[in-house]
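Hi,

Here is the structure I promised to pass on. Have a look at it first, and then read my notes below.

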Amino acid sequence: MPIDRTTLLAALGRTRSNHDVNRLFVALGYAPDDRAEDDTTNVVAHWRGFRVLAAASPTPREAARGIAHRLALASRRALAVSWSATELVLAAPRVGAAGVTPLLVVPFGAPPPLALQLLADLAPRPRHTGLAHALRVAELLGTERAGERFFRIFRVMLERMAASLRPTGTAADRRALALIALTRVLFLYFVQAKGWLDGRPDYLPALLDDALARRRQFHRQ
């Protein structure tokens, strides 16, 4: 059963020790654990061969990245967790590839909805093996970086499009027009991906190619 937001926030708000991290992951559906891994980390939870290793640190981002790097070198199926007084940080080795996942940073005060959703999505699925769960965790922890990259590119395209419009009206007006056009394109690509545009995954590009070949105004056509 998916963890609800209230339960997740309550568990996250108490995260100040290895025992608290244990309770957080048990609330997510992991089996409890409590074993010293080395001088700095403890295994606090597990799921069918997948381990959650935790350590407190005044610099949790560097600590989580370092733990995940060691896990990657050892080809282990695990999640690295570190925390300070202000935030919880997670990272994992990439399964079958070099390096580690981007950091998932969850502030204790007013955590962003995306960070909370990603944390909740780390809950294991009953039919998954340890390997399947490790692959899914690595994929999930790459989501935030992909979202950040999308919005960065979207912002650049928005500014370019606004700058390319005729210099009529104010800069805010041109930016609003560009935003309307871009969000319409995004909506159409969503509909296209669902197969609702004649069932064709290339419906929009094909129309654009046809308009350019015939030297027609694409938006008017």
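Predicted model: local features only at pLDDT ≥ 70, side-chain atom pairs only at ≥ 80, totals over all residues.

Phe190 sits in helix H7, which covers residues 171–193. With a relative accessible area of 46%, Phe190 counts as partly exposed. Trp196 lies in the loop between H7 and helix H8 (203–213). Its relative accessible area is 57%, so Trp196 is exposed, the cut-off for that being over 50%. If you want a sense of scale, go from Trp196 to Ala85: they are 111 residues apart in sequence, and their C-alpha atoms are 49 Å apart in space.

The other element I looked at is helix H3. It runs over residues 60–73, 14 residues in total, and spans 20 Å from its first C-alpha to its last, close to the 20 Å expected at 1.5 Å a residue. Which residues of H3 are buried? They are Pro60, Ala63, Ala64, Ile67, Ala68 and Leu71. Viewed down the axis of H3, these buried residues fall within an arc of 125°, so they line one face of the helix. Their cover includes strands E3 (50–56), E4 (78–83) and E5 (87–91). On the face of H3 turned away from the buried side you will find the exposed residues Glu62 and Leu73. Just after H3, Ser75 has a positive phi of about 55°.

Terms used:
Residues numbered from 1 in each chain as written. Heavy atoms only, no water. Helix = DSSP H or I, 4+ residues; strand = E, 2+ residues; numbered from the N terminus. Expected span 1.5 Å × (residues − 1). Buried < 20%, exposed > 50% of the residue type's maximum accessible area, 1.4 Å probe, protein only. Arc of directions from axis to C-beta. Contact = heavy atoms within 4.5 Å.
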